[in-house]
Amino acid sequence: MAILKMKKLRLLAVRDKKDDNADVPYAGEAANLDERFLRTPGIALGQSRRSIVTMGKYAYWNFTHSMSMFKTYDSKTADRINEYEDSVDRMEDKTNNYLVSVSDENLSDVESREASHQLKIISEFERISDYSVNLLELAERANSEHVKFSEQAMGELDTISEAVSEIIGMATESFEHGNYGVALKIE
């Protein structure tokens, strides 16, 4: 536990104040699913929840930055989007396997429903990240072909982007805090 706190402190101390990734957690923390807790499903489900929240934050970051690439293309941001997509894919695999292992234990009905719910959420966040890479590819193509969007088209793109970003953010927050009232607002 002390090592994890030291990592967080080090990241905060080293992080540039203008860091555009401050809202995105360190990927190593998310993937830290300790198999010793599999015999304690409540704790194991808490660990997998943290990993899934990180996936949601990466998916949110990827979506918002993929959409921004239609305005101003930046190869470093494109690289970061692909890096985060790879991280989301790895977290999906690791967290899915962890949840399957948790499900092998004697789960209460509540824990079983939670494990099933988490498995569904994993695939949704992973899909958002995949779609973000598809958007990035379209932005790259538009950039390479020097496509310029009209002011009206950019306005519509901004409107859609803001709405979807808000929904992804609300969904991540809802899942992180178990606030399913927010999930109903999304609907």
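The model is a prediction, so local features are kept at pLDDT of at least 70 and side-chain atom pairs at pLDDT 80 or more, while totals for chains, interfaces and linings use all residues. Residues are numbered from 1 along each chain as its sequence is written, and side-chain values use heavy atoms, with hydrogens and water left out.

Start with the overall picture. The protein has seven helices and zero strands, where helices (H or I, at least four residues) and strands (E, at least two) are DSSP runs numbered from the N terminus. Of its 187 residues, 34% count as buried; buried means under 20% relative accessible area, exposed over 50%, and partly exposed in between (1.4 Å probe, protein chains only). The mean pLDDT, the predictor's confidence in each residue from 0 to 100, is 85, and 83% of residues reach 70 or more. Confidence is lowest in helix H1 (residues 2-14), with a mean of 40, and highest in H5, at 96. Over residues 1-19 the pLDDT is below 50, and this stretch has six contacts beyond near neighbours in sequence, a contact being heavy atoms within 4.5 Å.

Now for the inside. Leaving aside neighbours within four places in sequence, Ile52 is in contact with residues including Thr95, Leu99, Ile121 and Phe175.

Between H5 and H6 sits a loop that holds His146. Most residues other than glycine have a negative phi, yet the phi of His146 is positive, near 55°. His146 counts as exposed because its relative accessibility is 66%.

Last comes a pocket. On a 1 Å grid over the protein atoms alone, a pocket is an open set of points where a 1.4 Å probe fits, with protein on both sides within 12 Å along at least five of seven lines; lining residues have an atom within 4 Å of a point. The second largest pocket is lined by 19 residues, and Ile121, Glu124, Phe125, Ala171 and Ile186 lie nearest its centre. H5 gives the most to this lining, with eight residues.
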